[in-house]
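Dear colleague,

Please find the structure below, handed over for your study. My findings follow it, and I would ask you to read them with the model open beside you.

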Amino acid sequence: KYSSPKFGGASFTAHAAEAGAAGDGKNYGLSGLYFGGPLALGFAWESVKVGSSVADTKTWQLGASYDLKAVKLFGQYGKVDNKTTGNAYDIAGLGASVPVGNGKILAQWGQIKPETGPKRKTFSAGYDYFLSKRTDLYAVYMSDKISGLDTGTNYGIGIRHRF
């Protein structure tokens, strides 16, 4: 693995894992990040060759956020191409966080759309309340819908402390 130093807010990483003793399971990847003012961008690409327990897959994802102060917007798009199963997936997501009081209202919509098989759409909404710089309380509601199945809902509450 190689991780570059930062160049004016930009950095990149490259990694490789060669085949094991059985000659299978190669893995290569590249990623890049940019953080500059209100804009953040990220890109990742990875190729995983067939191994004893791993499918032959290539994937890439692009993500971005922009902080308008009154709201921070998030977006993601990616593609997973599984050669072993012959199926590919498009992944998309849009989100926002809005500062309110001593915390943030959070919302996220996401979709996984395979070439074959059921589509999945997820919506989450929550609130993150900051007790201090390192500790927060959160509550989240999630609605998950897979084509042809009933909608599932989940709730979560918790406390998080960062060391």
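The radius of gyration of the protein is 19 Å, whereas a compact globule of 163 residues would have one near 15 Å. This radius is taken over C-alpha atoms, and the globule rule is 2.2 Å times the number of residues to the power 0.38. Along its principal axes, the C-alpha trace spans about 55 × 50 × 30 Å.

Please note that this is a predicted model, in which local features need pLDDT of at least 70 and side-chain atom pairs count only at pLDDT 80 or more, while totals for chains, interfaces and linings use all residues. Residues are numbered from 1 along each chain as its sequence is written, and side-chain values use heavy atoms, with hydrogens and water left out.

**The fold**

The protein has 0 helices and 11 strands; here helices (H or I, at least four residues) and strands (E, at least two) are DSSP runs, numbered from the N terminus. The strands form an open sheet in the order β1-β2-β3-β4-β5-β6-β7-β8-β9-β10-β11, with antiparallel pairing. At its edges are β1 (2-3) and β11 (152-161), each of which pairs on one side only. Two strands count as paired if DSSP finds at least two bridges between them. In general, strands of a sheet pair through backbone hydrogen bonds, either parallel or antiparallel.

Ala-64 stands opposite Gly-75 in β6.

Of the contacts with a separation of 6 or more, 25% are between residues 24 or more positions apart; contact means heavy atoms within 4.5 Å.

**Surface and charge**

Buried residues make up 21% of the 163 residues. Buried means under 20% relative accessible area, exposed over 50%, and partly exposed in between (1.4 Å probe, protein chains only). The protein exposes about 10,600 Å², of which carbon and sulfur atoms supply 63%; these areas come from the Shrake-Rupley method with a 1.4 Å probe, and for residues only the protein chains shown count as cover.

There are 19 positive and 12 negative side chains, and the centres of the two sets lie 7 Å apart. Lys and Arg count as positive and Asp and Glu as negative, while His and the chain ends are not counted. The place of a charge is taken as NZ of Lys, CZ of Arg, CG of Asp or CD of Glu.

Ser-47 lies in strand β4 (residues 39-48). With a relative accessible area of 3%, Ser-47 counts as buried. Leaving aside neighbours within four places in sequence, its contacts are Lys-26, Asn-27, Tyr-28, Thr-57 and Lys-58.

Ser-4 is in the loop between β1 and β2 (10-17). Ser-4 is also buried, at 11% relative accessibility, and touches Ser-11 and Phe-12, not counting residues up to four places away in sequence.

Lys-69 is found in the loop between β5 and β6, and is exposed, with a relative accessible area of 66%. Its phi is near 75°, a positive value in a residue other than glycine. Most residues other than glycine have a negative phi.

Ile-105, in strand β8 (residues 103-114), is partly exposed at 40% relative accessible area. Apart from neighbours within four places in sequence, Ile-105 is in contact with residues including Ala-96, Val-100 and Tyr-127. The C-alpha atoms of Ile-105 and Tyr-141, 36 residues apart along the chain, are separated by 12 Å.

Yours sincerely
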